[in-house]
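Morning, everyone. I have one structure to walk you through, so let me put it on the screen.

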Amino acid sequence: MIKIAINQMNSTVADFQGNAATMKEAMKQAAQSRSDLLVFPELSLCGYYPYDLIDEPFFLKQADYALMDLLAFSKQVPSLTAIIGTVRHNPGQGKPFHNALVVISNGAIVTEYYKQLLPTYNVFDERRHFEPGPVAPCVITIGAAKIGLIICEDGWNDSETEYRENPFRQLMAQKPDLVVSINASPSNIGKREQRHDIMSSVAARYERPLLYVNSVGGQDSLVFDGASFAMDRNGALIFEAARFGASQEYLAFDARETGFLSRAVTIDAMSDNELAFSQIVLGLRDYARRCGFRKAVVGSSGGIDSALTLALATEALGAENVIAITMPSVFSSEGSITDSGALCNNLGIELICHPIKALVEQYARDFGSAFDRTLKGLTLENLQARIRGTILMEYSNEFGALLLSTGNKSEISVGYCTLYGDTNGGLNLIGDLYKTEVYRLSRYINDRAGRELIPSDIISKEPSAELAPDQKDTDSLPPYEVLDEILKYVIEGKQLSQAEYRRVKAYVGQINETSQGLVDRIIKMIARNEYKRCQAPPIIRIRARAFGNGRQMPITAKY
């Protein structure tokens, strides 16, 4: 019988001292609870993912120093074995680093294992920095239990469709009593269910219990949801840790007969709205904390996108740390101005009014004097957005607040946004939500609060940028109910769930029949506006394929 501690850790990239301190405290708690084994996530000592920072001379040196610090500390807890995820030097040919798992106990390194399967798809680019480990299954013995160890992707290729090697099958030749997988698996809609399906399949196929330990926390645009879990030898879920929160939990394991001493559990999956809310809140909270921001500022137009952004920011940072700035022009409706006031009153946040009428008029005079032209049309529309963006950046610079941009995925996809205007910001919270999802999440926030945080007038009004008289989004775009389905099909395609892919494919087929040329027009709009997305702030990833390094497209292309 052994006791296993599962540490769902929120690491900060390159904060070796801070990460090591967290790990030492976890080791101390595990020893006090009389645990035999403590498991940390993938690259937990250095943080996931370091990108090219790993190439800096200090990085490996500090990683090794931190590991030595943990080794020294482990002498204080001699009965505990700990599994550490870190980067290690590759002394051989190939890339200079390994994505490593290091087992330590009582001041000594028991063994090391290097990740064999290095993902280079979607948001992952591990082969850029790491050399695959050798085909060398890793098994340790804790008490009477033989425990096989793998790292994340090593367990995802049992179908042998993505890689030639199958580390899980190789490990089974050693007949372990338990398989432990350490992971840094970022969250998106459907990811938890995908993990369960894959791990349940391999556990049942090889009749081996499995423990999956995952990271938690926000790192740039990625958010790790934790949700570590255990499967019995039949592939049944018997334990799952909390989602979107750091924790240390304990499981007992009997190698002789019963496996994990827990009964099968039924844990309800989050709705898409719950997941998006939790993921964005944690993503902003960690982004602000790691980058040194205490406050955030948002331009409040009285529309749905800025309203949702303000509500999410208030949840993440607290009402006292969120500032809204409304910047009415001659085209702003009275309803939008009063709606901003009602929203901020409901959220309990400060609202500052900075009209832009005089600034626009001054620009128009100077434009006419310099270029002998009248400021009008799209140039005038974009000017208003850029004046607002400048005001928001002025506030951010002067008061040290993080500016949050407010574009949604629908508008960003087709370029319905203004560079150096409403795209200004350090982070975008809702850029991976389609417009229809923005409305759904707004209603969810009101339902969750049990009261109207986002005024119903904002939710029910027709979308408008209010940059021209009587302007509506439908002047330039198809209805969002139509546009969003086309965008899902074009941008995400088969990365949608099978059921959703079949649905949107059929829907887009019907549109092609009834609205000749609409889909082609949307595809061209997406392609033409890649340059805008390349200059946009990071977007918190919610869906399987988000804008950013998970979707890399050329700007200068003809298609």
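Ala296 stands opposite Leu402 in β19. A word on terms. Helices (H or I, at least four residues) and strands (E, at least two) are DSSP runs, numbered from the N terminus. Two strands pair if DSSP finds at least two bridges between them.

Before I go on, the ground rules. This is a predicted model: local features need pLDDT of at least 70, side-chain atom pairs count only at pLDDT 80 or more, and totals for chains, interfaces and linings use all residues. Residues are numbered from 1 along each chain as its sequence is written, and side-chain values use heavy atoms, with hydrogens and water left out.

Back to β19. Leu402 and Leu404 point one way from the strand, Leu403 and Ser405 the other way, and all are buried. Buried means under 20% relative accessible area, exposed means over 50%, and partly exposed is in between, with a 1.4 Å probe and protein chains only. On to the next neighbour: β19 and β20 pair in the parallel sense over 2 bridges. Ser405 has Asn428 as its bridge partner in β20.

Now the whole sheet. What is the strand order in this open sheet of 5 strands? It reads β18-β17-β16-β19-β20, and the pairing is parallel. β18 (350-353) and β20 (427-428) stand at the edges; each has a single partner strand, so one side of each is left without a neighbour in the sheet.

Follow the chain out of β19. Gly407 is found in the loop between β19 (402-405) and α10 (409-414). Is Gly407 buried or exposed? Buried, with a relative accessible area of 12%. Its C-alpha atom is separated by 21 Å from that of Pro469, 62 residues apart along the chain.

Strand β1, residues 2-8, is mostly covered, with 6 of its 7 residues buried. β1 pairs with strand β14 (residues 247-254) in the antiparallel sense, over 7 bridges. There, Lys3 has Ala252 as its bridge partner in β14. β1 also pairs with strand β2 (residues 37-39), this time in the parallel sense over 3 bridges. Ile6 stands opposite Val39 in β2. Between β1 and β2 the chain passes through helix α1 (residues 16-32), and this β-α-β crossover is right-handed. Right-handed means that, with the strands pointing away from the viewer, the path from the first strand over the helix to the second runs clockwise.

Stay with Lys3. Its charged end sits over the ring of Tyr250, 5.1 Å from the ring centre. The rule asks for NZ of Lys or CZ of Arg within 6 Å of the ring centre and within 35 degrees of the ring normal. Lys409 does likewise: its charged end sits over the ring of Phe547, 5.8 Å from the centre.

Then ring against ring. Rings of Phe, Tyr and Trp (its six-membered ring) pair if their centres lie within 6.5 Å; planes under 30 degrees apart count as stacked, over 60 as edge-to-face and the rest as tilted. How many aromatic pairs does that rule give? The count is 14. One of them is Tyr49 with Tyr51, edge-to-face, 5.2 Å centre to centre and 85 degrees between the planes. Tyr49 counts as buried at 5% relative accessibility, while Tyr51 is partly exposed at 29%. Ring pairs link Tyr48, Tyr49, Tyr51, Phe130 and Phe224 into a cluster.

Cysteines are quick. With a disulfide taken as a pair of cysteine sulfur atoms within 2.5 Å, the count comes to 0. Cys534 is in no disulfide either; the nearest cysteine sulfur, in Cys417, is 12 Å away.

Last, the overall picture. The protein chain has 16 helices and 20 strands. Its radius of gyration is 26 Å, close to the 24 Å that the globule rule gives for 559 residues, so it is as compact as a globular protein of that length. That radius is taken over C-alpha atoms, and the rule is 2.2 Å times the number of residues to the power 0.38. Along the principal axes, the C-alpha atoms fill a box of roughly 80 × 55 × 50 Å. Of the 559 residues, 56% count as buried.
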